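Colleague: Please take me through this model, beginning with the salt bridges. I shall ask about other topics as we go.

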Amino acid sequence: MRIRWTVLWLIYWSVVAHAQPYFPVKLNKKWGLIDAEGKMALQPVYDAIGEFKEFGYAVMQRNGGVGLLNAQGKEIIPPRYDDLKVLDSLLMAVMDNGEWQVVNLHGEIVLPKGYERLKLLNDRYIAFRKNDKWGLVDNRGRQISPPKYDDLRLEKKDVFLVREGQKLGLLSADGDEMLPGIADEINIFNDSLFFYKSGSNWGAVDENGANIVPPKYEAYTKISDTYIKLISNGRMYVYSIACRGVITQGDYDDYYAFSRKYLIVKKNRQLGLMDWCGSIVLQPQYHEIQEHEGELFRVNFKGKWGIVETNDKPVGTFQYDYIAPLRGSIGVIKKGKVFGIINFKGEEVVVPQYQRIEIEDNRAKAYTSNPGASGEEALTLLDFDENGQLTGHSSFEKHFVLRISGDGAAKRRSQTNNYVLDQYEWFYSPGNDRWGLRRLADGAIQIEPNFSTIKVYKELGFTLVGIEQSNKYEFERTTYRFSMVYGVVRNEVGLLVTDMDFLSVQFEDFEKGNPTARCVFSNGRHGLMDQIGRIICKDYAFIGDFQDGVARISIKGRLSGSMKHSYALGNLSAYLNSLQSGYAMLDYTQYDQLFKQEAVLICEGCEWGYIDSTGRATVTPGYTFAQDFTNGVGIVACDGKWGMVNAKGQPVIPCQYDGIEFLKNTDNKIVRLYVQTPKYGLIDTLGQLAVDAVYDELGFFREGRLAVKRNGLWGFVNDEGLEVIPCRFREVSNFYEGLAAVKIGRYWGFIDKQGDIVIDFKYTRVGNFQEGLAWVGTSEGTGFINRKEQFVIPPRFEKANDFDRGVARVVVKGEFALIDREGKYIAKPQFVSIDAFNEYGLALVTYGKNWLRHGVISLEGKLITTQAYNEIQPYSEGFAVAKLKDSYGYIDTTGQLVIPCTFSKASAFFEGRAAVQRDGSCGYINKTGNEVVPFEFSK
């Protein structure tokens with residue numbers, strides 16, 4: 001017997017002997033461990049020992065219990081659990097008496113029983129789901145947040161993105177809500193600045209949740225790591241990260257990055273300088289401003305260069321044609337055709353007299369022509385001390401062959417200005433109102449000032465340059481105009497290495513470590529550019545986001561838009577917003593406005609495949625459609641059937657299903673598929689069948705259970721696809737707070753997640769358990785019971801709805817009312833109807849006896865509208881269309897009429913604008929009621 005298992009072990013050892021010190025073996029029906037020499041290290045006393053896997057742990061079993069061994073064979077978790085899963089090196093999920101909990105290596109409970117799912121966010125935090133809501137604990141077991149969110153994930157460092165309904169918020173590691181659930185979009189700028197979009201406006205909060213930028217700006221862009229540009233009603237403002245506030249009043253035409261402390265301001269094509277708290281350092285009167293040293297600046301004033309201090313105090317006169325950046329303590333000056341030297345204090349220490357000067361550290365090589373000898377030069381060596389003062393010089397009158405080293409690596413005294421490169425510097429020309437590039441050595445123009453905008457990517461070695469040029473592209477029948485085209489300059493050589501032909505270059509691909517970056521050309525086609533500016537491919541219809549180094553592509557076809565399409569590439573507006581070129585919609589018909597709101601991006605006539613980040617095809621195009629890679633697989637369509645491929649192009653699931661999609665709440669590890677019978681099943685992303693396609697219908701996955709229908713009856717499967725509650729019910733609802741309403745025969749009851757009956761079948765109709773209560777219908781009426789089937793609120797209503805934020809809508813004698821959890825009236829029966837409460841905690845109501853009136857009610861039961869309206873439409877972006885007599889206006893979330901009823905027609909706000917009609921003509925207004933698109937359209 002010993003010989004047999006030793007031989008088997010030797011075969012295995014030849015492969016993995018270097019990886020682990022002990023190996024499981026079976027002897028006399030028991031398992032133990034042997035060492036690298038084949039000696040017994042742990043006696044065979046276990047019923048089973050698994051492989052040593054992550055963190056050097058192996059799961060073992062003894063006497064029906066499961067425990068854990070470490071790499072040394074030591075029993076670190078006793079075998080007393082039903083099941084065990086290793087989460088990380090310190091935490092394990094263990095099943096005890098049928099319920100999971102999380103423990104550490106000391107056996108201390110980190111997450112107690114009762115949760116449905118968990119997500120290990122990193123080595124410090126665990127998100128857990130209970131009653132279909134997510135909460136948060138740390139690795140010490142401290143509860144950071146109770147389970148109250150619909151989704152929760154770690155966004156950055158110790159900041160968590162949470163979702164409640166369709167709204168987003170931010171949660172700190174201390175459990176404080178930095179931002180309540182009011183946002184439609186959140187962008188994390190840095191560790192202490194978080195931008196959020198509410199409706200159509202942007203604002204920002206800091207790490208303490210203070211609202212430091214009010215949500216009133218239509219857009220924001222990063223100027224530098226210190227400054228952010230904000231745009232509102234066509235005016236530009238600046239937020240300073242250092243000063244933690246908006247520091248301008250919209251008085252300037254534009255702003256450019258200068259240094260961490262200073263910001264260039266432009267007004268009437270003249271430049272000035274502002275510090276990080278908004279104080280003007282240099283008035284906007286210069287053609288150019290560059291760094292010199294400390295509080296001294298190189299400036300071009302009316303065509304001549306000089307040095308100025310803060311508050312516009314000149315150091316010397318404006319007499320030079322160029323002043324170069326410092327190298328060490330000195331820099332070159334140019335006057336006419338000759339060159340001299342200035343020091344870091346702004347003092348002229350060598351008068352302009354040389355044909356050229358090269359500086360290396362604090363020594364200058366000054367050259368003059370040698371008369372009488374063609375091409376020969378005389379060299380003078382000039383030495384300077386650390387204060388930039390001349391200490392001596394030597395002249396060489398002999399002839400020599402000049403070898404230009406092209407050394408641009410000498411250290412400059414200061415170089416924080418993003419526009420100064422190693423051998424060149426970007427400059428703004430007020431006369432042209434354009435940007436150009438000059439050589440540092442002599443101030444000569446390297447690239448003429450032709451660019452409307454520049455953005456320097458120093459770390460990547462590129463500058464994105466743009467010029468104003470109109471390009472039109474038609475998505476379906478709606479035309480968009482793009483205002484800019486871009487090219488790429490390589491900073492090292494100071495040359496434009498591409499055509500001015502881009503609408504966008506996704507430099508973030510380089511920043512993520514990819515060898516190429518996606519680009520969109522002016523004709524709408526997609527391509528890839530490598531890290532020296534070469535175009536790898538340029539005539540693709542579409543290249544998607546790189547996921548795990550793979551992106552979906554189509555070479556054939558053309559991008560367009562559609563209101564409804566089964567092969568959508570995402571929202572069209574989101575795609576347009578991702579491009580660097582600004583755009584505008586040229587058409588303003590009612591259809592165009594609807595198209596702008598609802599259109600998706602599609603690709604007409606496309607054939608789909610996948611490429612890697614070098615541009616090499618990994619899956620040859622040939623599919624009808626392809627989705628982005630997720631968890632190493634891509635869902636693809638072939639002639640109306642769906643399947644799945646891996647990164648090598650190998651089919652994981654053959655294209656034979658009528659539908660395939662990731663099942664919600666499974667971390668994209670299980671896919672739902674069906675055939676047109678229709679029969680439904682579940683498959684994971686490795687193509688392993690989790691449950692046969694035998695179901696007639698699938699419901700929604702909630703609280704770890706998925707409703708399934710077979711042979712006309714409903715049951716439930718768990719998140720592993722096992723039918724844990726047999727299909728025996730006529731109707732079912734989803735699980736809420738651990739219970740689901742189910743129907744047998746004519747009556748409803750409630751079951752738990754094991755299918756056990758908790759509340760018997762005796763109710764004619766029921767709701768869902770929300771906030772501990774569920775409404776039920778009896779012969780006496782409708783009331784609310786708790787989980788013990790006790791009537792907390794007697795059955796005295798005709799109808800009822802589930803509780804929402806402590807309030808339930810009920811009907812008494814045909815009239816709607818609001819009650820609290822004790823059954824007391826918040827609003828007495830008086831309304832013809834009460835709609836469901838929206839995200840603002842408001843509900844539209846109808847009331848009146850002889851003629852119907854419309855209003856808005858709060859969760860406190862207060863009618864917040866002050867007038868009786870003929871009509872109120874649902875809220876959008878914080879405003880609702882309201883009608884008085886025959887005219888329309890807008891009310892806000894306080895119920896106040898903020899835009900008077902002066903329009904004959906009005907639509908909901910979208911992205912800060914609303915289409916309205918007055919005197920038979922249509923136009924657009926903003927949220928202040930001001931006209932932003934003239935009233936000159938018929939519809």
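Modeller: A salt bridge here is a side-chain nitrogen of Lys or Arg within 4 Å of a carboxyl oxygen of Asp or Glu. Helices (H or I, at least four residues) and strands (E, at least two) are DSSP runs numbered from the N terminus.

Colleague: Before we go on, what are the ground rules?

Modeller: Residues are numbered from 1 along each chain as its sequence is written, and side-chain values use heavy atoms, with hydrogens and water left out. As the model is predicted, local features need pLDDT of at least 70 and side-chain atom pairs count only at pLDDT 80 or more, while totals for chains, interfaces and linings use all residues.

Colleague: Is Lys743 buried or exposed?

Modeller: Lys743 counts as buried because its relative accessibility is 14%, whereas Glu731, at 35%, counts as partly exposed. Buried means under 20% relative accessible area, exposed over 50%, and partly exposed in between (1.4 Å probe, protein chains only).

Colleague: How many salt bridges does the rule give?

Modeller: The count comes to 48 salt bridges. One of them joins Lys156 to Asp191, with the closest N and O atoms 3.7 Å apart. Lys156 lies in strand 16 (residues 151-156) and Asp191 in the loop between strand 20 (185-190) and strand 21, so this pair ties together parts that are 35 residues apart in sequence. Lys156 is partly exposed at 33% relative accessibility, and Asp191 is partly exposed at 44%.

Colleague: And what about Glu377 and Arg356?

Modeller: Their side chains meet in a salt bridge at 2.9 Å, N to O. Glu377 is in strand 42 (residues 377-384) and Arg356 in strand 40 (residues 356-360), 21 residues apart, so distant parts of the chain are linked. Glu377 is buried, with a relative accessible area of 14%.

Colleague: Which residues are linked in a network?

Modeller: Salt bridges link Glu116, Arg129, Glu703 and Lys753 in a network.

Colleague: Changing topic, what does Leu193 touch?

Modeller: Residues up to four places away in sequence aside, Leu193 touches Ile188, Ala204, Val205, Ile212, Ile228, Tyr239 and Ile241; a contact means heavy atoms within 4.5 Å. Leu193 belongs to strand 21 (residues 193-198) and counts as buried, at 1% relative accessibility. Its C-alpha atom is 9.7 Å from that of Val213, 20 residues apart along the chain.

Colleague: In what sense do strand 44 and strand 45 pair?

Modeller: Strand 44 (residues 424-429) and strand 45 (residues 434-439) pair in the antiparallel sense over six bridges; two strands pair if DSSP finds at least two bridges between them. Glu425 has Arg438 of strand 45 as its bridge partner.

Colleague: How does the confidence look, and where is pLDDT under 50?

Modeller: The pLDDT, the predictor's confidence in each residue from 0 to 100, averages 86 over the chain, and 91% of the residues score at least 70. Residues 1-19 stay under 50, and the model has 21 contacts beyond four places in sequence for them. Residues 398-414 are also below 50, with 40 contacts beyond near neighbours in sequence. Where pLDDT is low, the predicted coordinates should not be read in detail.

Colleague: Finally, how many helices and strands are there in the chain?

Modeller: The chain has four helices and 95 strands. Of its 939 residues, 50% count as buried.
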